[in-house]
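Subject: Structure for you to look at

Hello,

Here is the structure I said I would pass on. Please open it next to this message and follow along; my notes come after it.

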Amino acid sequence: MNETLKTLKERRSCRKYQAKQVDAAALDLILEAGTYAPTGMNRQAPVIVAVQDKQTRDKIAAMNAAVMGADTDPFYGAPTVLVVLADPAVRTYVYDGALVMGNLMNAAHAVGVDSCYIFRAKEVFATEEGKAMLRSWGIPDHYEGIGNCILGYRDEGGVKPVAPRKENYIVKV
Ligand SMILES: Cc1cc2nc3c(=O)[nH]c(=O)nc-3n(C[C@H](O)[C@H](O)[C@H](O)COP(=O)(O)O)c2cc1C
C-alpha cells in the first residue's frame, strides 16, 4: 500500500505512555509537518506550542483535568504536549487548527511516535492562568485553544485495535 495511505489508516490513539522523552529529531519532523497543514486563504492562523518541560506539562495537565472536575492525568503520562491554538480573528481558525492537529498525529505515526488528540484546550487557555501562559510564550492572549496533541512512546495496552468503520460512512451519489 502507498506509505501515506498506510500511515493515515494505521495511526491510532495511544492512552498509556512510557516516561521516555520524544526523540528531538522526530519532534522537529512532526512540528514541521504540522506547519504544512492547509489553512483558509493560507492565513496560517494556528500556532503550535511544543511543551516538554515537565513542570509546564504537568500544569497544563492539571488545568485540563480541572475542566473535567477530575484529578487524573488527561495526558496519560505522555511526556510531550503540542498545544495547538489559533487566532479567532480568522474565519477558518477552528478548521485550520484541526487540520494542524491531524497533520501532527499522522506525522507522529509516520516517524514511530504515538499520539492522541486531547480536548479542552479551549477552556484551559480561556482562563486567566491560561492567558498568562500564552503571554509568557509571546502569544496574544485572545488566541483560542484547539487541541492538545500528546506525544510519546506507547506502553503496554496503550493502543486499542481499530474500531470498525460505521456503515454508510461514505455516500456515493
Ligand atoms: C476533537 C477530538 C477530541 C478528542 N478528545 C480526546 C480526549 O480528550 N481524550 C481522549 O482520550 N481522546 C480524545 N480523542 C481521541 C478519540 O477518542 C479517538 O480519536 C477516537 O476514539 C478514534 O480512535 P483512533 O484515534 O485510535 O482512531 C479526541 C479526538 C478528537 C478528534
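This is a predicted model: local features need pLDDT of at least 70, side-chain atom pairs count only at pLDDT 80 or more; totals for chains, interfaces and linings use all residues.

A backbone N or O atom of Tyr 117 sits 3.0 Å from a nitrogen atom of the ligand. That is a polar contact, meaning a pair of N or O atoms within 3.5 Å; within protein, one atom must be able to donate a hydrogen and the other to accept it, and residues adjacent in sequence count only if both atoms are side-chain atoms.

Residues are numbered from 1 along each chain as its sequence is written, and side-chain values use heavy atoms, with hydrogens and water left out.

Strands and helices are DSSP runs numbered from the N terminus (helices H or I, at least four residues; strands E, at least two). Buried means under 20% relative accessible area, exposed over 50%, and partly exposed in between (1.4 Å probe, protein chains only). β3 pairs with β4 (residues 144–152) in the antiparallel sense, over 5 bridges; strands count as paired if DSSP finds at least two bridges between them. Tyr 117 has Cys 149 of β4 as its bridge partner.

Helix α4 (residues 93–110) has buried residues including Tyr 93, Val 100 and Leu 104. Their cover includes α1, α2, β3 and β4, counted by contact, which is heavy atoms within 4.5 Å. After α4 comes Gly 112, with a positive phi near 80 degrees.

In helix α6 (residues 128–136), Gly 130, Met 133 and Leu 134 are buried. Seen down the axis of α6, these fall within an arc of 100 degrees, so they line one face of the helix; the arc is taken from the directions from the helix axis to the C-beta atoms. The face turned away from that buried side carries Glu 128 and Ser 136, both exposed.

Regards
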